[in-house]
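Thank you all for coming; I would like to take a few minutes to walk through one structure with you. Please have the sequence and the model open as I go.

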Amino acid sequence: MAVDDRLLTDLRAATMADGAAPYGLIHDAEIAIRDGAIAWVGPRAERPDEFASLPVSPQGGRLVTPGLIDCHTHIVHGGNRAAEFELRLNGASYEEVARAGGGIVSTVQATRAADEAALVASALPRLDALLAEGVTTLEVKSGYGLDRDTELAMLRAARALPRHRPVRVVTSFLGAHAVPADYAGRADAYVDDVCIPTLRAAHAEGLVDAVDGFCEGIAFSPGQIARVFDAACELGLPVKLHAEQLSNLGGARLAASYGALSADHVEYLDEEGVRAMAEAGTVAVVLPGAFYALRETQAPPIAAFREHGVPIALATDCNPGSSPMTSLLLAMNMGCTLFRLTPEEALAGVTRNAARALGLTDCGTIAPGQRADLAVWDVEEPAELAYRIGFNPLHARIFADGAA
């Protein structure tokens, strides 16, 4: 059931309209909702008469933003990697942990041991934490199965989450996440024998919205990723890529050549890669949680993104190894403090630009025709959403497909 038709009154609307005044902010605003969609938004004095008969829902002068969008998560997985967290604090690098058999591969065992019901059950507390901060849409990746059955189980679990909670889930197939132990030294064979056939099976089952990969020295080469992307293109699926997180292998340029929705992490991205992303319209998804947890020192080229007009999105990268974070508000603060985003850029990064990173056109702003996915905040200014640390000012969450 869609959210009830209503007229939200007595509010300030941060519409996040692209190119509008800061935050697209409208003071003394009203928002008309019909059939689960925004029918009108604007100053109270300009409200059309046709909406006067809608039930009124006063918001007490609060700030209303689009519902938040976490556009890069790995919330479906088994186990945890607290022991590796301790190892890193004792001096081991992320790459050293991975080459010693830890990292992504260590989560594979726990994920393979969990059935679909267990994967859903373990993901729900993480999902609840995100919803409690105003998230209405999130992306969920596979990539901890690295075999046909478990990759499919992860995607089915992700698809099941909206049956348990009022949320919209977009899935990404991440079979090219790591080389499993049984294919050690045979990454090409893994791509051909497991990754691409599993992608085809997942697509046939309707489980995939986009295809992702990890292009890095500890994962897959650009040539191997290209083969996966070729298969995605044959299936009519958009692509995205974990690129330039630990080194510069030209992954973002490769992704841009396929018209990728996004290139994510991108700490080691060079000017050529930025230009390629700008020309392709590829979104840069920055992930300060992983930067923080791994104690990295090279930040993404934010100034170059601004100069070349590359949209910047922001996400939690919630995962058991390098970013065990379930707070998108904290990610906003980290984006500002660690990467020097402005608060407006941070909010755009979890609304308008996050939607673009997922290929979604019906959310991310407050505008007629958009889904009525909204967050109502007890704040004086929009900047407070990125300013505070460890404080959640959410008053209410409105979800287009039902009350939240």
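Predicted model: local features only at pLDDT ≥ 70, side-chain atom pairs only at ≥ 80, totals over all residues.

In general terms, side chains of opposite charge can pair when their charged atoms come close. Where does the rule find 1 salt bridge? It is found across the interface of domain 1 and domain 2, and that interface is what I would like to describe next.

The domain assignment divides the chain into domain 1, made up of residues 6-66 together with 365-398, and domain 2, which covers 68-358. Taken over C-alpha atoms, the centres of the two domains are separated by 30 Å. The contact between them involves 25 residues of domain 1 and 23 residues of domain 2, and about 1,800 Å² of area is buried between the two, with carbon and sulfur atoms giving 61% of that area. Which three residues supply more than any others of what domain 1 buries against domain 2? They are Met16, Ala386 and Arg397, which supply 34% of that area.

As for polar contacts, the count between domain 1 and domain 2 is 8 residue pairs, with both residues at pLDDT 80 or more. On the side of domain 1 that touches domain 2, the elements giving two or more residues are strand 4 (56-66), strand 13 (374-377), helix 15 (384-387) and strand 14 (394-399). Sorted by class, that side of domain 1 has 17 nonpolar, 3 polar and 5 charged residues.

The record gives "binding site" for His72, His74, His242 and Asp317. These residues span 246 residues in sequence, yet no two of their C-alpha atoms are more than 12.5 Å apart, so they gather at one spot. Of this group, His72 sits in the loop between strand 5 (68-70) and helix 1 (82-89).

The unreviewed entry also places a "binding site" feature at Tyr144, Asn319 and Gly321. Here too the residues cluster in space, with a largest C-alpha distance of 11.4 Å, although they are spread over 178 residues of sequence. Tyr144 is in the loop between strand 6 (135-141) and helix 5 (148-164).

Returning to charge pairs, how many salt bridges does a search of the whole structure find? The search finds 22.

Finally, consider Arg168, which is found in strand 7 (residues 168-176). Arg168 and Thr137 are 31 residues apart in sequence, while their C-alpha atoms are 4.6 Å apart in space. Leaving aside residues up to four places away in sequence, Arg168 touches several others, among them Thr136, Leu138, Leu360, Cys363, Arg371 and Phe399. Its side chain also makes a polar contact, at 2.8 Å, with the side chain of Asp362.

Methods: Residues numbered from 1 in each chain as written. Heavy atoms only, no water. Domains from an automatic or database assignment. Contact = heavy atoms within 4.5 Å. Buried area = accessible area lost by both parts, 1.4 Å probe. Salt bridge = Lys/Arg side-chain N within 4 Å of Asp/Glu carboxyl O. Polar contact = N/O pair within 3.5 Å; in protein donor to acceptor, adjacent residues only side chain to side chain. Helix = DSSP H or I, 4+ residues; strand = E, 2+ residues; numbered from the N terminus. Nonpolar A, V, L, I, M, F, W, Y, C, P; charged D, E, K, R; others polar. UniProt positions renumbered as here; feature names shortened; annotations may be inferred.
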